[in-house]
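Colleague: I would like to learn how to read a structure, one feature at a time. Can we work through one together?

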Amino acid sequence: MAITWNSELELGIPVIDSQHRRIVEYINAVYHARNTHSFEEIVEVLDELVDYTLSHFAFEENLMEEAGYPFLNAHKKVHRLFARRVGSFQQRVKTGEDITEELLHVLKAWLINHIKCDDRDYSEVVRANMVEATRRTKAKKGSWFNRLFG
C-alpha cells in the first residue's frame, strides 16, 4: 500500500517537510512501478530516489550543523548506513534481480521510523536556530529608513 502523507510525518520545518513529501512521492512511484510490472520504471525511480535522498541528507545535515545539533555525527551515520543499503538495492536491480517487495518494505519502514524518531529529535534545535537566524537577519537589515540613512 502506498504511503499517505499525514501530520504525524511533519516536523514543522517547511523545507524539510517538503523534501520528505517528495521522498514519499518517490516511494509511491516505486509502488506504481510494481503494480504496472515495469522493471525500467523501478530502475529509473530508484536512481532518482537515491539521488534526491542523498541531496536531502546533505541539506538536513547542514541545517543540523548550523544549529549545533549535538547528535549530528550519529545522525550522519544513520544516513550513511541507509545510503549504503539502498545502494545495494541499486546494484541488485541492475543485475536483473526483482527487489521490489523488499525495497518497498525497507523504504516505507525506514522513512516513517526515521522521520518520526531520528528527524523529530533534531527538529526543535533546527527550528530554534532558523527562528534566531531570521531574527538576526531582520535586526541587521533594520527599517528601510535606517538602511537608507543609517
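**Reading the model**

Modeller: Along the sequence, the protein follows the pattern α-α-α-α-α. Its secondary structure comes to five helices and zero strands. Helices (H or I, at least four residues) and strands (E, at least two) are DSSP runs, numbered from the N terminus. Residues are numbered from 1 along each chain as its sequence is written. This is a predicted model, where local features need pLDDT of at least 70, side-chain atom pairs count only at pLDDT 80 or more, and totals for chains, interfaces and linings use all residues, while side-chain values use heavy atoms, with hydrogens and water left out.

Colleague: Where is confidence lowest and where is it highest in the protein?

Modeller: pLDDT is the predictor's confidence in each residue, from 0 to 100. The protein averages 89, and 90% of the residues score at least 70. Helix H5 (residues 144-149) is lowest, at a mean of 56. Helix H3 (residues 72-94) is highest, at 94.

Colleague: What radius of gyration does the protein have?

Modeller: The radius of gyration is taken over C-alpha atoms, and the globule rule is 2.2 Å times the number of residues to the power 0.38. A compact globule of 150 residues would be near 15 Å, but the protein has 19 Å. Its C-alpha trace spans about 65 × 30 × 25 Å along the principal axes.

Colleague: Is histidine 79 buried or exposed?

Modeller: Buried means under 20% relative accessible area, exposed over 50%, partly exposed in between (1.4 Å probe, protein chains only). Histidine 79 has a relative accessible area of 1%, so it counts as buried. Its place is in helix H3.

Colleague: Which residues does histidine 79 touch?

Modeller: Contact means heavy atoms within 4.5 Å. Leaving out residues up to four places away in sequence, histidine 79 touches Phe57, Glu60, Glu61, Met64, Trp110 and His114.

Colleague: Where is the place of histidine 37?

Modeller: Histidine 37 sits in the loop between helix H1 (14-36) and H2. This residue is exposed, with a relative accessible area of 73%. Histidine 37 also has a positive phi of about 55 degrees, although it is not a glycine.

Colleague: Which residues form a nonpolar patch on the surface?

Modeller: Val15, Phe59 and Met130 do, with about 200 Å² of accessible area together. Patch residues have over 30% relative accessible area and no salt bridge; like charges are joined within 9 Å, nonpolar side chains (Val, Leu, Ile, Met, Phe, Trp, Tyr) within 5 Å. A salt bridge is a side-chain nitrogen of Lys or Arg within 4 Å of a carboxyl oxygen of Asp or Glu. Accessible areas come from the Shrake-Rupley method with a 1.4 Å probe; for residues, only the protein chains shown count as cover. Phenylalanine 59 is found in helix H2 (residues 39-67). It is partly exposed, at 31%.
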